[in-house]
Every structure is written in structure tokens, then in C-alpha cells.
Amino acid sequence: MADRILVLDAGTTSTRAMIFAPDGKMEAVAQAELTQHYPRPGWVEHDAAEIWEKTLSCAREVVGDDTGRIAAIGITNQRETVVAWDRNSGELLARAIVWQDRRTAQFCAGMRDYGHEPEVQRRTGLLLDPYFSGTKMRWMLDHDEAVRAAADTGTLAFGTIESWLVYKLSGGAHLSDASNASRTLLLALDGAQFDEDLCELFGVPRATLPEVVDTHGALAECDPQWLGSAIPICGLAGDQQSATIGQGCLSFGETKATYGTGAFVLTNKGRDIPRSDNRLLGTVLYQENGERTYAIEGACFVAGSLVQYLRDQLGLIGSAEETEELARSIEDSGEVVIVPALAGLGAPHWKPDARGVISGLSFASGRAQIARAALEAMAHQTHDLSSAFAADGAPWSHLRIDGGMSANDWMAQDLADILDLEVERPEFIETTALGAAILAAVGCGLHASLEDAALAMRGGANTFTPGMAEEVREARLARYAKALSAA
């Protein structure tokens, strides 16, 4: 019986394929690391061919010869990353520009100077920042001859990662789900398709963009040449929306935070289009039969990538897991504070040119203090977001966390202490993939609704209760605020 879901999770540092049963149990996983390209300071690129080839290889590994058991495919992906290809030949025209890339900071500043940001924010829920896809597309058109030539001949296709994977899997379908499309600056939150006026404002030809579709349903079909049978593609969502669904945040006001490469907090806002006065983002959470459920979001660009930086660039730790042991080995960070603005500052500050800061160093500062300060930075950044959410009328009553970093018990407890909130972590922390499985399971009819699927597929959770003295919390936050001003 075909009742398994194949999830393709194309992240920033790796891509994975996973098999889920109807009860949410993960039965198989294959993973491959992705190469990061840094051609200039602030520039981050991927090879989209590598993403496709490694994703397909992982899928073939977990599916094996038993394709008949796969009922549907769900895809979740790093958001805002832009791929450009020839829609006729499928040939890639340039390296993908990754969401972390800051090369369009000057272009965004110019747009702000011309006074465009208030109207852009009102229509799209987003701010004028290099983070989002539209300015990356414009940069490609302005600076890459192959991209510009394809636009001139009418063969250029732009898409985010899920668009690229669907195009390759299906043999030519060019589509984007509403959650990913809402991250481009080119989709009005109340518009069914990409907006002509926004496309004109950013100088991106509407004809290069995909069709906007639901996040779940019969969306496309995998060509049998890839996995041995024509498997329907029934779920698509950007990674943070997918994690929100995987956390079961399907009711108004429910909030999750994902700690992966970056840190992303989303609060379900129901059918109301989100409006923020505190530089948070409005985004599509999911779309069903053309009806949208929205979320308000705060994004920090650096989370797990800070730990990766300590490991790979500075050589201070041998593994991410080592940070918890180091943090527990000392009573405090010795006043060492890290502001992890290695890719600029995201919400609620939005300072693309900000740079990372380590303050409070002394001869007593060693590996343990720096590792602990790196973990503490997660709570500090999240506290900034909690203040902004509360000011926008969306205070958190509790917080559900997930992502690779959330496995760190010390960090989870520190979050509860600094936020002074109960923090809940599911036993299965890979909720991004689970969300894609939930979407695909509903999309292909294995479950009747997202609520039914979440109830059946989500497992238990662990809870962390705050226990930090108020004066300790306030002293920590004051040190962080001082360091932040230097960033």
C-alpha cells in the first residue's frame, strides 16, 4: 500500500531525503553536505546543480527499489535563495545567490532613500533588505550576461529552491508555493499571483517567475525516470513555515522558534494579514484551496552557523555538541558577550552592514567562555524578538523550539531563563521535515486536514521551565545591549 511520504529537505548546509510513515515516524534518512561558496565578503552562493544531484541521490538511497510504497513527495527548502535557469533546456545560468548574501545592500538602501519601503512593507509584509529574493533577481539581471540574454530571448526562469527541484523532478513544471513566493518582495500578501507593479518596481520581468500554487494538494508529478514511478508532489513549503506546521502551530497565536543555520520565530496570525510597527515580517504560513493562513515572523541570520564558525574557522571546538559540555563547565561566561552579526543583523534591527562583535575578553577568557557566550547569544537574540512581537500585539505565552541547536539542553534552558517563559521541545526535533510530511500527507489524502495530520504525526515533548534570578537576567541583557551597540 502506498502510504509513505518522501520528504526532500534542501537546507543551507546540507540536503536530505527522509521517509515518513502516516503516524509521523521517520523510517529512513540520507543526507549530503552542500558546498558553500564565498567569492567576496558578504557574498554567499550555491551550485544549484549540486543541490539537485545530491537531493536526487539521497532520495534514491531512501526509496530504493520499493517505489510503490511512496504515496507522495513533500519538499521543504532554504528560503529566499534564487536560482536562474533556461526554461527550455534546464541549463543553469549562474550560481544560486543564497539567502544570507548581502550584495544588494546598496540597492536596498537606495530603494529606501527613494521612499519605497513603507508601501513595499504594506503590500508584501517584508522590508527592503538583501535577505529577500527580488533584489537578488535584479542583481543577476544587472550583472550576469547569461541571465540577461535569457531574459531578452524570453527563456529565463527564476525560482527559489523548491521551484528548481520541482522543475527538475517534473521535467519542466515552473511553480512556487505561496509560502516561498511570499518571501520574494514580488508577491502582495492579498494577491493570488506575483504582482505586476512590484515586478516593475524591482525590475524583474513577470514572465520569468513561476505560477504561485497552494502549499498542499496535487501540485505536480515526479517523472518516473528519477525514482521509478510517477509519484505526485503534494506538499511544498519554505523551511520556517514547514517547521511551524510540524510544531502544530495551527491556531492563532501559537509560536515556534527554529534554531538552524539562522534563528526564525513565527507566530500564527490566522486569516489576518500581519502588520508590524516593529520591523517584523508578514508572511504566508500556508495556503489551501487558495485561502491563506498568515504568520508574523522575526528572523536572525546567524544561529547554528555561529557554532559552525567556532568549529571550522576558529578551531575552538571539535564538534557542535562540545559547546554544551563547555558551557556547563563554568558558572558564567566571565562577561564575554557575542553579537553574532557575521551576516548582518536581521529582525528587529535590520542592519545588513553590521559585523560580529566579541566583547568582554580578558586573560581569564578561554574556549569555555567563548563557547558559552555563543550559546547565550541565541537567547539574547530571541529576547530582542520577543520584545518586538509583544510590541506588535503578539506576545508569547510559551515557545516551541526545534532545529539542530535545540537538541542542546543547556541552550534550551537558557532560552527559558532569559525569556522567562516555558519552552517546549518536541522529542522529534526535525519538525521542518515533519511539516513537509504533514503537508504532503494531507495533499495526497492520507489525512483529512492539517489538524488531523498534526495530531496523528506529532509525538511527545520536553518542557524547560524558567528559573533564573531576575537580577542575573537583567545584568546579562544589559551587557548584550552594550555589545549590540558596537555591532
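Guide: Let's start with phenylalanine 301, which counts as buried because its relative accessibility is 2%; "buried" means under 20% relative accessible area, "exposed" over 50%, and "partly exposed" in between, with a 1.4 Å probe and protein chains only. Keep in mind that the model is predicted, so local features need pLDDT of at least 70 and side-chain atom pairs count only at pLDDT 80 or more, while totals for chains, interfaces and linings use all residues. Residues are numbered from 1 along each chain as its sequence is written, and side-chain values use heavy atoms, with hydrogens and water left out.

Where does phenylalanine 301 sit? You'll find it in the loop between β16 and α11 (304–312). Those labels are DSSP runs numbered from the N terminus: helices are H or I with at least four residues, strands are E with at least two. Setting aside neighbours within four places in sequence, phenylalanine 301 is in contact (heavy atoms within 4.5 Å) with Trp99, Gln100, Arg102, Asp129, Tyr131, Thr261, Gly262, Ala343, Gly344, Leu345, Gly346 and Trp350. Proline 118 is 183 residues away from phenylalanine 301 in sequence and 23 Å away in space, C-alpha to C-alpha.

β16 takes us to a sheet. It is an open one of 7 strands in the order β15-β16-β14-β13-β19-β20-β21, and its pairing is mixed; two strands pair if DSSP finds at least two bridges between them. At the edges are β15 (281–288) and β21 (461–464), each pairing on one side only. On average, neighbouring strands here are turned by 30° against each other, direction ignored. At the β21 end, strand β20 (residues 423–426) pairs with β21 in the antiparallel sense over 4 bridges, and valine 423 has phenylalanine 464 in β21 as its bridge partner. Lying across β13 (255–259), β14 (263–270), β16 (291–300) and β19 (399–402) is helix α13 (residues 367–391), which runs at about 135° to β16. For angles like that one, axes are lines fitted to C-alpha atoms (for helices over the stretch in contact), and values run from 0 to 180 degrees between N-to-C directions.

Now back to the contact list. Trp99, Gln100 and Thr261 touch phenylalanine 301, and Trp99, Gln100 and Thr261 also touch threonine 12. Threonine 12 belongs to the loop between β1 and β2 and is buried, at a relative accessible area of 7%. Leaving out residues up to four places away in sequence, its contacts include Leu34, Gln36, His46, Gln78 and Val98 too.

β1 and β2 bring us to another open sheet, this one of 6 strands with mixed pairing, ordered β3-β2-β1-β5-β12-β11. β3 (26–33) and β11 (216–221) are at its edges with a single partner strand each, so one side of each has no neighbour in the sheet. From one strand to the next, the twist averages 25°. At the β11 end, β11 and strand β12 (residues 232–238) are antiparallel partners over 3 bridges, with alanine 220 opposite isoleucine 233 in β12. α10 packs on this sheet, touching β5 (70–77) and β12, and its direction makes about 100° with that of β12. α15 packs on the sheet as well: it touches β1 (4–10), β2 (14–20), β5, β11 and β12, at about 135° to the direction of β1.

How do those two helices meet? The axes of α10 (residues 239–246) and α15 (residues 431–443) come within 7 Å and cross at roughly 80°. α10 and α15 are therefore roughly perpendicular, the word for 65 to 115 degrees; under 35 is roughly parallel, over 145 roughly antiparallel, and the rest oblique. From α10, Asp239, Ser242, Ala243, Ile245 and Gly246 meet Thr431, Thr432, Leu434, Gly435, Ala436, Ile438 and Leu439 of α15. The residues of this contact divide into 6 nonpolar, 5 polar and 1 charged, where Ala, Val, Leu, Ile, Met, Phe, Trp, Tyr, Cys and Pro count as nonpolar, Asp, Glu, Lys and Arg as charged, and the others, Gly among them, as polar.

One last stop on α10: 8 of its 8 residues are buried, so the rest of the structure largely encloses it. Among those buried residues are Asp239, Gln240 and Gln241. Just after α10 comes glycine 248, with a positive phi of about 70°.
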